[in-house]
Amino acid sequence: MSAGGLHLSNLQVWNRAAITKTHWDLTFKQDKLWIKWIHAYYMKRQRTEDVVISQTASWMVREISGARDCITLVDTQFKPHKSLIHQIYIQLLPTSPRTNWRALMFQNSARPKAKFTMWLQCHSRLLTVDRLVKWGTAVETNCVFCQQIDETRYHIFAECPYAKQLWTKLLTWMKIQSSMPNSWTNCLHWIIPHAKGKSRNAKAMKMVYAEFIHTLWLERKAKFF
Ligand SMILES: [Zn+2]
C-alpha cells in the first residue's frame, strides 16, 4: 500500500490527522474566530493539555480535545506550504517510517558510534540548530554545508545539496542507481525497504546509511564549533 495514497482503509487515520491538525490550530493559531470562541468558552486561559472538557461539550470539541494524545506522537516541525493534515497523516500511518526505522538498527554492522548517531537522529535527539533555537540558544542558523537555508535535521541529512552529493557517491559505490529523495520522509520511505531483510544488499544499505549519518554529523559538529 502506498503511504502517500489515500485508501479507504486509511480514512480513519486521515480523520484522526484532520482532528489532530485542528488541535494544533487550537494551540498555536489563536487568531481565527472559532478558535477564539473555543478559548473563551472552554479553555479560559488554560493550556490545551490541561483543559478538562465536560461531557456536555459538543461532539466536535470533545473530539478535538481527544487529539491531545495524537499530537504527542507527531513531529511538529512541519514544512511550510504543504498540507499540515497530510504531514500528520503520513506520521500517524501504521506503515510510517517513524515506526519502521527500527529495521535500520536491526543487525546493523556499522560502528557502534555510527549506529548511536543514527538512533539519536531517528529520535530527533541530535542538537540541530532548530532544536537549539527552540531552547533559546543564540546560534548561527544557516546550514554549515550550503549556507543557503536554516539547519534542521530534515535539511542536513536529506535536503542539503551537500548531503545529496555524498549520498549519491555512496550509492554509486554500492552500484545502486538512484539519488537522494527530496525530503526526509521520502528518504526514509526509500531506504527502509532497501534495508529490510537479511540479504547482503540490505545489510550493506543499513550499514552505509548509519555511517553516512554519522559522518555528516561529525563534519557538521567540526564546522559548527
Ligand atoms: Zn545545507
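This is a predicted model: local features need pLDDT of at least 70, side-chain atom pairs count only at pLDDT 80 or more; totals for chains, interfaces and linings use all residues.
Of the 225 residues of the protein, 28% count as buried. Among contacts with a separation of 6 or more, 54% join residues 24 or more positions apart.

Helix α13 covers residues 200-224. Its 25 residues should span 36 Å at 1.5 Å a residue. The end C-alpha atoms are 36 Å apart, which agrees with that expectation. Several residues of α13 are buried, including Met205, Lys206, Val208, Tyr209 and Ala210. Further along the helix, Phe212, Ile213, His214, Leu216, Trp217 and Arg220 are buried as well. The cover over these buried residues includes α7, α8, α10, α11 and α12. An α-helix has 3.6 residues a turn, so residues three or four places apart point the same way.

Two of the covering helices were examined in turn. Two packed helices are described by the angle between their axes and the distance between the axes. For α8 and α13, the angle is about 80° and the axes are 8 Å apart. The two helices are therefore roughly perpendicular to each other, since angles of 65 to 115 degrees fall in that class. On the α8 side, the contact is made by Lys113, Ala114, Lys115, Thr117, Met118 and Gln121. These meet Ala210, Glu211, Ile213, His214 and Trp217 in α13. By class, the contact of α8 with α13 has five nonpolar, three polar and three charged residues.

Helix α12 (residues 184-195) also packs against α13. Here the axes come within 7 Å and cross at roughly 135°. That angle makes α12 oblique to α13. Ile191, His194 and Ala195 in α12 meet Ala202, Met205, Lys206 and Tyr209 in α13. The residues of this contact divide into five nonpolar, one polar and one charged. Leaving aside neighbours within four places in sequence, isoleucine 191 is in contact with Met205 and Tyr209.

In soluble globular proteins, nonpolar side chains tend to be buried together. The largest nonpolar core in this model has 27 residues. Those with the most contacts inside the core are Ile156, Phe157, Ala163, Ile191, Tyr209, Ile213 and Leu216. Two or more residues come from each of α8, α10 (153-159), α11, α12 and α13. The helix that gives the most is α13, with eight residues. A second, separate core has six residues, among them Ala17, Ile88, Tyr89 and Ile90.

Lysine 175 sits in the loop between α11 and α12. It counts as exposed because it has 7 C-beta neighbours inside 10 Å, and the cut-off for exposed is 12 or fewer.

Glutamine 147 also has a positive phi, near 60°, in a residue other than glycine. This residue is found in the loop between α9 (129-134) and α10. With 8 C-beta neighbours inside 10 Å, glutamine 147 counts as exposed.

Threonine 128 lies in the loop between α8 and α9. Threonine 128 is buried, because 24 other C-beta atoms lie within 10 Å, and the cut-off for buried is 20 or more. Not counting residues up to four places away in sequence, threonine 128 touches Glu151, Thr152, Arg153 and Ile156. Threonine 128 and threonine 152 are 24 residues apart in sequence. Their C-alpha atoms are 5.8 Å apart in space.

Phenylalanine 106 lies in the loop between α7 (102-105) and α8 (112-122). With 13 C-beta neighbours inside 10 Å, phenylalanine 106 counts as partly exposed. Its C-alpha atom is separated by 9.4 Å from that of glycine 197. Along the chain, phenylalanine 106 and glycine 197 are 91 residues apart.

Note on methods. Residues are numbered from 1 along each chain as its sequence is written. Two residues are in contact if their C-beta atoms, placed from the backbone, lie within 7 Å. Helices (H or I, at least four residues) and strands (E, at least two) are DSSP runs, numbered from the N terminus. Axes are lines fitted to C-alpha atoms, for helices over the stretch in contact, and angles run from 0 to 180 degrees between N-to-C directions. Angles under 35 degrees count as roughly parallel, over 145 as roughly antiparallel, 65 to 115 as roughly perpendicular and the rest as oblique. Ala, Val, Leu, Ile, Met, Phe, Trp, Tyr, Cys and Pro count as nonpolar, Asp, Glu, Lys and Arg as charged, and the others, Gly among them, as polar. A nonpolar core is a set of buried Ala, Val, Leu, Ile, Met, Phe, Trp, Tyr and Cys residues joined through C-beta atoms within 7 Å. The expected span of a helix is 1.5 Å times one less than its number of residues.
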